[in-house]
Amino acid sequence: MPQGLQEDWEELRKLLLEKSYREGKIILTSGKESDFYVDCRETTLHGRGAALTGRIFFERIKGSGAQAVGGPTLGADPMVTAIAMTAAAAGEELPAFIIRKESKGHGTGKLIEGIGNIPAGARVAIVEDAVTTGGSTYRSIEAARGAGFEVVKVVCLVDREEGGKENLAEKGITLESIFTRTSLLSGIPA
């Protein structure tokens, strides 16, 4: 990891621990009970956290050939915006899109917001805030594929190390993570 990126990684790690990481009983989206929670939105909605997230993810995505970046609402919303803004500041176009849990029951009935900014058949990156079992990540990948996109990169902010990476691998999907629970707590990059 380049020096400047290493410093950003460490700063983002500290923000995640300060603002997002909590220990104690919690029921997750997957329905599983856990003894810790990482509410990444507390960090990605923070100005400095958003800037760091945008930079780190953009560096991870930019060599993949992705033409757009998206992920499941609500966790990925601030992330894809930060990544798209970072790309724009670097003189590159990487439009963002957001995938709903289900199509709207009114208006245009869209499942994916921002799709009008993306060329048909585009190569895309899917990002996620935290991955436990990989279920919401997989639904997002399938939604992007259903819209005619080719998913070329899948990256999460925190892999909770509870089977998501392995579940996605069984479906032929490689999940990359900026942090794992272990690296978040230890400070040693995965």
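How close do the axes of α3 and α4 come, and at roughly what angle do they cross? The legends below take this up, along with the sheet and a few neighbours. This is a predicted model, in which local features need pLDDT of at least 70, side-chain atom pairs count only at pLDDT 80 or more, and totals for chains, interfaces and linings use all residues. Residues are numbered from 1 along each chain as its sequence is written, and side-chain values use heavy atoms, with hydrogens and water left out.

**View 1. Helices α3 and α4 cross within 8 Å of each other, axis to axis.** The crossing angle is roughly 70 degrees (axes are lines fitted to C-alpha atoms, for helices over the stretch in contact, and angles run from 0 to 180 degrees between N-to-C directions). That makes α3 roughly perpendicular to α4 (angles of 65 to 115 degrees count as roughly perpendicular, under 35 as roughly parallel, over 145 as roughly antiparallel and the rest as oblique). The crossing is right-handed (the near helix is turned clockwise from the far one by less than a right angle; anticlockwise gives left-handed). Look for Ala 50, Thr 53, Gly 54, Arg 55, Phe 57, Phe 58 and Ile 61 of α3 against Met 79, Ala 82, Ile 83, Thr 86 and Ala 87 of α4; contact means heavy atoms within 4.5 Å. Eight of these contact residues are nonpolar, three polar and one charged (Ala, Val, Leu, Ile, Met, Phe, Trp, Tyr, Cys and Pro count as nonpolar, Asp, Glu, Lys and Arg as charged, and the others, Gly among them, as polar).

**View 2. Helix α1 (residues 3-20) packs against helix α3 (residues 47-61).** Here the axes lie 10 Å apart at an angle of about 135 degrees, and the two helices are therefore oblique to each other. α1 passes α3 in a left-handed crossing. From α1 come Leu 5, Asp 8, Trp 9, Glu 11, Leu 12 and Leu 15, and from α3 come Arg 48, Gly 49, Leu 52, Thr 53, Arg 55, Ile 56 and Glu 59. This contact holds six nonpolar, two polar and five charged residues.

**View 3. Six strands form an open sheet in the order β5-β4-β3-β6-β7-β8.** Helices and strands are DSSP runs, numbered from the N terminus (H or I, at least four residues, for helices; E, at least two, for strands). Pairing in the sheet is mixed, and two strands pair if DSSP finds at least two bridges between them. β5 (112-113) and β8 (176-180) are the edge strands, each with a single partner, so one side of each has no neighbour in the sheet. Helix α4 (residues 77-89) lies across β3, β4, β6 and β7, at about 170 degrees to β4.

**View 4. Strand β7 (residues 150-159) has eight of its ten residues buried, so it is largely enclosed by the rest of the structure.** Buried means under 20% relative accessible area, exposed over 50% and partly exposed in between (1.4 Å probe, protein chains only). β6 (residues 123-131) pairs with β7 in the parallel sense over eight bridges, and Ala 125 stands opposite Lys 153 in β7. Four bridges join β7 to β8, again running parallel, with Asp 159 partnered by Thr 180 in β8.

**View 5. Leu 17 sits in helix α1.** Leu 17 is partly exposed, with a relative accessible area of 28%. Leu 184 is 167 residues away in sequence, yet its C-alpha lies 7.5 Å from that of Leu 17.
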